[in-house]
Amino acid sequence: RQAYLSRVIEDIGSLNITSPDEEEQIEERFRLAENSVALSDAISSALYCISGKDEEDGAGGLIARAYSELKLNEEYLKELKPLSERLSSAGIEIGDIANELSRLLSSIDIDESEFESLSNRINKLASVKRRYGPTLSDAIKLYENCMEEYSQLESSEELLQALRDKKNKLLLETTKKAEALSKHRIDAAKRFCDEVCSELSFLNM
């Protein structure tokens with residue numbers, strides 16, 4: 001039983017699983033890595049459409065120009081003011097979208113080594129699920145139960161060893177006392193024999 005517990009603890013514990021959701025997080029990152037090139041191209045294209053390139057205006061630049069044109073002339077036509085305000089809001093929103101897209105573009109910069117690492121991790125987690133699952137939560141629960149049982153067995157073994165040591169100590173002490181008693185009896189018998197022989201000699205028998 002202890003050998004089985006040790007094997008389970010080693011198999012699952014060696015992976016240092018952080019949470020039952022780790023597999024889902026890893027797979028999400030892996031799917032991102034698999035499609036990183038297509039995603040990078042799509043986001044870059046979207047950024048180009050918003051921000052433009054060199055002297056070519058994107059949507060953000062065009063909205064800014066439209067806002068400026070209306071703002072300069074809204075005093076002559078009051079209906080232009082709410083429209084220029086809406087364009088201003090749209091420009092701010094477009095800017096926020098561009099910033100968020102830039103952040104996402106940086107986050108999907110996945111190299112080959114990370115891709116291989118993610119793939120290996122997914123395979124290891126899948127192996128643990130096959131052997132100790134069916135889910136990662138089941139495997140984690142089994143690991144925790146095995147750790148608890150193994151700890152209890154170790155405590156029991158330590159107690160048994162302490163009892164064995166105490167038994168051996170008592171046995172050694174008893175043996176020494178028995179040997180001392182035996183020696184005492186032998187010495188007493190020898191003295192008695194010597195005394196009897198001396199008495200017989202005295203009586204010329």
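R7, V8, D11 and I12 in helix α1 meet V128, R131 and Y132 in α6, where contact means heavy atoms within 4.5 Å. This is a predicted model, in which local features need pLDDT of at least 70 and side-chain atom pairs count only at pLDDT 80 or more, while totals for chains, interfaces and linings use all residues. Residues are numbered from 1 along each chain as its sequence is written, and side-chain values use heavy atoms, with hydrogens and water left out.

**Overall make-up**
- The chain holds 7 helices and 2 strands, taken as DSSP runs numbered from the N terminus (helices H or I, at least four residues; strands E, at least two).
- Along the sequence these elements follow the pattern α-α-α-β-β-α-α-α-α.
- Of the 205 residues, 18% count as buried; buried means under 20% relative accessible area, exposed over 50% and partly exposed in between, with a 1.4 Å probe and protein chains only.
- Among contacts with a separation of 6 or more, 72% join residues 24 or more positions apart.

- The axes of α1 and α6 come within 10 Å and cross at roughly 150°; axes are lines fitted to C-alpha atoms, for helices over the stretch in contact, and angles run from 0 to 180 degrees between N-to-C directions.
- That makes α1 roughly antiparallel to α6 (angles under 35 degrees count as roughly parallel, over 145 as roughly antiparallel, 65 to 115 as roughly perpendicular and the rest as oblique).
- Their crossing is left-handed, meaning that the near helix is turned anticlockwise from the far one by less than a right angle; clockwise would be right-handed.
- The largest nonpolar core has 13 residues, of which I12, I17, V128 and Y132 touch the most other members; such a core is a set of buried Ala, Val, Leu, Ile, Met, Phe, Trp, Tyr and Cys residues joined through side-chain atoms within 4.5 Å.
- At least two residues of this core come from each of α1 (2–13), α6 (112–132) and α7 (136–202).
- Apart from this core lies another, of 8 residues, among them I50, I63, A98 and L101.
- Beyond its neighbours within four places in sequence, Y132 is in contact with R7, V8, D11, I12, D138, A139 and L142.

- The 28 residues of α5 (residues 80–107) should span 40 Å at 1.5 Å a residue, and the end C-alpha atoms are 41 Å apart, which agrees; the expected span is 1.5 Å times one less than the number of residues.
- L80, S84, I94, A98 and L101 are the buried residues of α5, and their cover includes α3 (36–51) and α4 (59–73).
- α3 and α5 pack at about 155° with axes 10 Å apart, and they are therefore roughly antiparallel to each other.
- α3 passes α5 in a left-handed crossing.
- In this pairing, S40, I43, S44, A46, L47, I50 and S51 of α3 meet I94, I97, A98, L101, S102, L104 and L105 of α5.
- S106, in helix α5, counts as exposed at 56% relative accessibility.
- S106 and S40 are 66 residues apart in sequence and 9.0 Å apart in space, C-alpha to C-alpha.

**Backbone details in loops**
- Most residues other than glycine have a negative phi, and most peptide bonds are trans.
- N16 has a positive phi of about 50° although it is not a glycine.
- N16 is found in the loop between α1 and α2 (22–34), and at 58% relative accessibility N16 counts as exposed.
- The peptide bond from G133 to P134 is cis, with omega near 25°, and P134 is found in the loop between α6 and α7.
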